[in-house]
Amino acid sequence: MNARTTRTLAAALSLTAAFAISGCSGSQDDAAKPAPAVSDAFMPEPVNDKMAGAFMVIKNGSKTADKLTGVTSTLSDDLQIHETKDQKMQQVPSLDVPANGELKLERGGSHIMFMGLKTTPKVGDKVTVELRFEKADPVKVELDVKERTYTAHNSNAH
Ligand code: CU
């Protein structure tokens with residue numbers, strides 16, 4: 001009686017464990033949900049506390065297209081997504097992060113803009129931002145504050 005109870009319990013436990021494992025890795029929804037990977041995230045040292053730009057590459061290795069829909073930071077209450085058209089920047093509600101592709105935020109192109117800074121970061125500082133997506137979970141990113149002339153290595157690669 002005692003031994004049987006133990007065996008049944010053990011069987012039940014291993015079944016639960018098997019379910020838990022397959023539930024973690026086997027779900028179709030999880031596989032389809034984009035999990036963006038961010039690289040080369042930086043902010044050129046701002047000239048003053050009025051505005052700052054942020055640049056990075058957001059890779060989407062999933063089969064599901066996504067959109068960058070917003071950015072927040074403790075450094076500013078007003079972060080905007082800008083794109084550059086005819087050499088003029090304008091605010092847009094979102095930017096596409098294509099399936100199996102990437103969104104490049106770079107000088108002269110699309111970028112994140114901080115309007116009104118609570119402090120003025122210096123070279124070597126780090127600024128944390130949180131990226132919001134249409135489908136993916138929010139992603140926290142640390143921007144390295146760089147010299148004003150800095151460009152990421154890969155920005156001229158293509
Ligand atoms: Cu801008």
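The model is predicted, so local features need pLDDT of at least 70 and side-chain atom pairs count only at pLDDT 80 or more, while totals for chains, interfaces and linings use all residues. Residues are numbered from 1 along each chain as its sequence is written, and side-chain values use heavy atoms, with hydrogens and water left out.

Let us begin with the chain as a whole. It has two helices and 10 strands, where helices (H or I, at least four residues) and strands (E, at least two) are DSSP runs numbered from the N terminus. Of the 158 residues in the chain, 35% are buried; buried means under 20% relative accessible area, exposed means over 50%, and partly exposed lies in between (1.4 Å probe, protein chains only). Take the contacts (heavy atoms within 4.5 Å) between residues at least 6 apart in sequence: 69% of them join residues at least 24 apart. The chain exposes about 9,900 Å², with carbon and sulfur atoms supplying 54% of it; the areas come from the Shrake-Rupley method with a 1.4 Å probe, and for residues only the protein chains shown count as cover.

Now to the copper ion. Its protein donors are His82 (ND1), Met89 (SD), His111 (NE2) and Met113 (SD), at 2.1 to 2.2 Å from the ion. Donors here are N, O and S atoms within 2.8 Å of the metal (3.2 Å for Na, K and Ca); water is not among the atoms, so sites may look incomplete. The angles among the four donor atoms run from 101 to 118 degrees, and the site is tetrahedral, a label given to four donors if all angles lie between 85 and 135 degrees. For reference, the ideal angle for four tetrahedral donors is 109.5 degrees.

Along the sequence, the donor residues are spaced H-x6-M-x21-H-x1-M. Met89 sits in strand β5 (residues 88-91) and His111 in strand β8 (residues 111-115), so this pair ties together parts that are 22 residues apart in sequence. Met89 is partly exposed, at a relative accessible area of 43%, whereas His111 is buried, at 7%.

Finally, look at two backbone details. Gln87, in the loop between β4 (79-85) and β5, has a phi near 65 degrees, a positive value in a residue other than glycine. Gln87 is exposed, at 78% relative accessibility. Asp40 also has a positive phi, near 50 degrees, but Asp40 belongs to strand β1 (residues 37-44) and is partly exposed at 30% relative accessibility.

Definitions and conventions. Tetrahedral: all angles 85-135°; square planar, octahedral: opposite > 155°, others 65-115°.
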